[in-house]
Amino acid sequence: MTFYEMIEDLALALEREKLVIFVGAGVSKNSGLPTWGQMVQAFAERIGYPMKGRLATEEYIRIPQYHYCLDESEGHADYHALIRSMIPEDAKPNLLDELIVSLGPKHIVTTNFDTLLDQVAEGYQIIREDKDLLTGISVHYLLKLHGDICRPEKLVFKEDDYLQYPETHRLMETFLKSLLIDHVFLFVGYSLNDYNLKTFVSWIDYIAKEMQVKQEMHRNYFISSSLHAGKGYLRRYYEEKGLEVIDLHQLPQEIDQAADRVPLSDVLGRKTYAVLQSIQGTAR
């Protein structure tokens, strides 16, 4: 699909109230918060874990688990304190947070611990854990899949949290999987090797195969900053699993020019903003 074909499809999903936007750490980076990789690196340094080049995907959840196991403080207070030290509760939303909310998707889903979206998500009921869904009365949710920095003991960060997620967050997982049937997912602020992204994509792929609708099923989308020369195999991998990739390194010239005018310091943040703005401008 061409860039503008993808934008048209996303705009149509938005018009029909079928668009769900997933927000990763790359968005919060524009407010000065660390990426997932930077957080994991801080944990690795604390325990003397050897950092030799790029971490394998499974190390992102295993390193925090190692720290947790070594932490002998009461209630694993040191583990929770290290997370809190990197995610200040007074961090302020950035232009990307505001634009995502102003688009008005059906639901916003985030794996971030911060409260940036919470501060601007007017009209969205915030869901932090399963029991919040039981009292949900809104037609629009901000789902914080991995918890909230205000409740550090309930965050999903280490390996055990991920392995136990289907039991500890049964309603959230079921609700998300139900949206896969007839909603279009747009992933923003994730890397192609992100453990969370791979989990969501595996759901998409499994449901399409289980229902035998892989060819007919609607496409989902990913705004990526991870595709460089020689990484065409990653694009093909995700396309095979039903995820169209919008490559921030290969945008139309007019979108790049629009990005240059966005008042964000991070170049990828500016490009992401310009892409989302083009969806907003296309929707009727």
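A pocket is an open set of points on a 1 Å grid over the protein atoms alone, with protein on both sides within 12 Å along at least five of seven lines; its lining residues have an atom within 4 Å of a point. The model is predicted: local features need pLDDT of at least 70 and side-chain atom pairs count only at pLDDT 80 or more, while totals for chains, interfaces and linings use all residues. Residues are numbered from 1 along each chain as its sequence is written, and side-chain values use heavy atoms, with hydrogens and water left out.

**View 1. Centre of the largest pocket.** Of the 49 residues that line the largest pocket, Gly26, Thr35, Trp36, Gly189 and Ser191 lie nearest its centre. Its volume is about 980 Å³, volume being the space filled by probe spheres set on the points, which are joined across faces, edges and corners.

**View 2. Elements and classes in the lining of the largest pocket.** Two or more lining residues come from each of the helices H2 (25–28), H3 (36–47), H12 (195–210) and H15 (267–282). Helices here are DSSP runs (H or I, at least four residues), numbered from the N terminus. H3 gives the most, with 5 residues. The lining divides into 22 nonpolar, 21 polar and 6 charged residues; Ala, Val, Leu, Ile, Met, Phe, Trp, Tyr, Cys and Pro count as nonpolar, Asp, Glu, Lys and Arg as charged, and the others, Gly among them, as polar.

**View 3. The second largest pocket.** This pocket has a volume of about 240 Å³. Its lining residues include His146, Glu173, Asn196 and Trp203. H12 gives the most to this lining, with 5 residues. By class the lining has 8 nonpolar, 3 polar and 1 charged residues.

Note on methods:
1 Å grid on protein atoms, 1.4 Å probe; cavity = no way out; pocket = protein on both sides within 12 Å on 5 of 7 lines; lining within 4 Å.
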